[in-house]
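Good morning, and thank you for making time for this presentation. I would ask you to look at the structure first, and then to follow me from the overall form to single residues.

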Amino acid sequence: MKQQANLIRAGQVIEHDGRRWTVLKQQIITPGKGGAFIQVEMRDLKTGNKTNERWRTADSVERLMTEDREYLYSYTDGESLVLMDPETFEQTMIPVDLLGDQAPFLQDNMTINVHLVEGDPVGVELPPQVTLEIIEADPVVKGQTASSSYKPAKLSNGAKTMVPPFIEAGERIVVRTEDGSYVERAKD
C-alpha cells in the first residue's frame with residue numbers, strides 16, 4: 001500500500017529498493033530554505049544492516065501490512081527466542097535482534113506481540129511495563145529536594161535506571177520497557 005513519506009512511523013515495515021526494511025526512527029526536518037523532508041533510520045530485515053534514507057514529504061513509499069500474533073516467551077536458545085503459540089502450543093523461533101534495546105526486560109512466560117509480514121517475523125512488542133526488583137540503590141544525599149532529584153539504581157535484570165530518593169534496594173518497582181524509566185512502586 002502506497003503512503004506519503006511524512007506518514008512513516010517507527011515500527012512500520014516498508015519496501016525500498018526491492019528490499020524490506022523496518023523503521024527504527026523517523027524525523028521530519030524543516031530547513032530554513034527549501035521544502036521539508038523526512039529522515040528515516042531503518043534496518044534491513046534479511047541482513048540486519050542499518051541505513052538512513054531521506055525523502056521529500058510529498059514522496060510516496062510502499063508500506064507493507066503487518067499481522068500481529070501473540071506468543072508466550074519460553075526461553076532464549078543462543079541467538080534465537082523460543083516462543084510458544086498459546087492456542088496451538090507450537091514452538092516458533094525468532095532472532096533476538098528483533099527486540100533491540102528492550103531485550104533485558106523480557107521475562108519468562110511473558111506474553112509478547114510479534115509483527116509478521118507474510119509469515120516472517122519483523123518486529124517484537126513487549127508489554128508497556130514490567131515489575132522488577134531493585135538490587136542496588138545509591139544512598140540519599142541530604143539536602144536534595146524530593147520533588148526533582150532522582151538517584152541511580154540497578155535492577156534485577158542488570159539494567160540501570162533513575163529512581164526517586166525514597167526507593168531502596170529490595171523494593172519492587174514498575175518500569176517502562178520502552179526506555180527503562182521508573183513509573184511507580186509495585187503494588188504487590
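I shall begin with the basis of the values, then turn to the whole chain, and end with selected residues.

This is a predicted model, in which local features need pLDDT of at least 70 and side-chain atom pairs count only at pLDDT 80 or more, while totals for chains, interfaces and linings use all residues. Residues are numbered from 1 along each chain as its sequence is written, and side-chain values use heavy atoms, with hydrogens and water left out.

Let me take the overall form. The protein contains 0 helices and 16 strands; helices (H or I, at least four residues) and strands (E, at least two) are DSSP runs, numbered from the N terminus. Its radius of gyration is 20 Å, whereas a compact globule of 188 residues would have one near 16 Å. That radius is taken over C-alpha atoms, and the globule rule is 2.2 Å times the number of residues to the power 0.38. Along the principal axes, the C-alpha trace spans about 55 × 55 × 25 Å.

How much of the protein counts as buried? The figure is 35% of the 188 residues, where buried means under 20% relative accessible area, exposed over 50%, and partly exposed in between (1.4 Å probe, protein chains only). As for contacts, meaning heavy atoms within 4.5 Å, 42% of those between residues at least 6 apart in sequence join residues at least 24 apart.

One annotation deserves mention. An unreviewed UniProt entry lists residues 68-122 as "domain: Translation elongation factor P/YeiP central"; the positions are given in the numbering used here, feature names are shortened, and annotations may be inferred rather than shown by experiment. In the model, this span is 0% helix and 55% strand, and its end C-alpha atoms lie 10 Å apart.

Glycine 11 sits in the loop between β1 (2-4) and β2 and, at 48% relative accessibility, counts as partly exposed. Threonine 22 is 11 residues away from glycine 11 in sequence, and their C-alpha atoms are 6.2 Å apart. Beyond four places in sequence, glycine 11 touches Thr22 and Val23.

Histidine 16 belongs to strand β2 (residues 13-16). Is histidine 16 buried or exposed? Histidine 16 is buried, because its relative accessible area is 16%. Setting aside residues up to four places away, histidine 16 touches Trp21, Met42, Glu53 and Trp55.

Two residues are of interest for their backbone angles. Most residues other than glycine have a negative phi. Phenylalanine 89, however, has a positive phi, near 60°. This phenylalanine 89 lies in the loop between β8 (80-84) and β9 (91-95), and is exposed with a relative accessible area of 57%. Asparagine 109 likewise has a positive phi near 60°. Asparagine 109 is placed in the loop between β9 and β10 (111-117), and its 60% relative accessibility makes it exposed.

Finally, which residues does alanine 186 contact, leaving aside neighbours within four places in sequence? They are Thr131, Arg172, Ile173 and Val174. Alanine 186 is in the segment after β16 (182-185) and is buried, because its relative accessibility is 18%. Alanine 186 and threonine 131 are 55 residues apart along the chain, yet their C-alpha atoms are separated by 6.6 Å.

Thank you for your attention.
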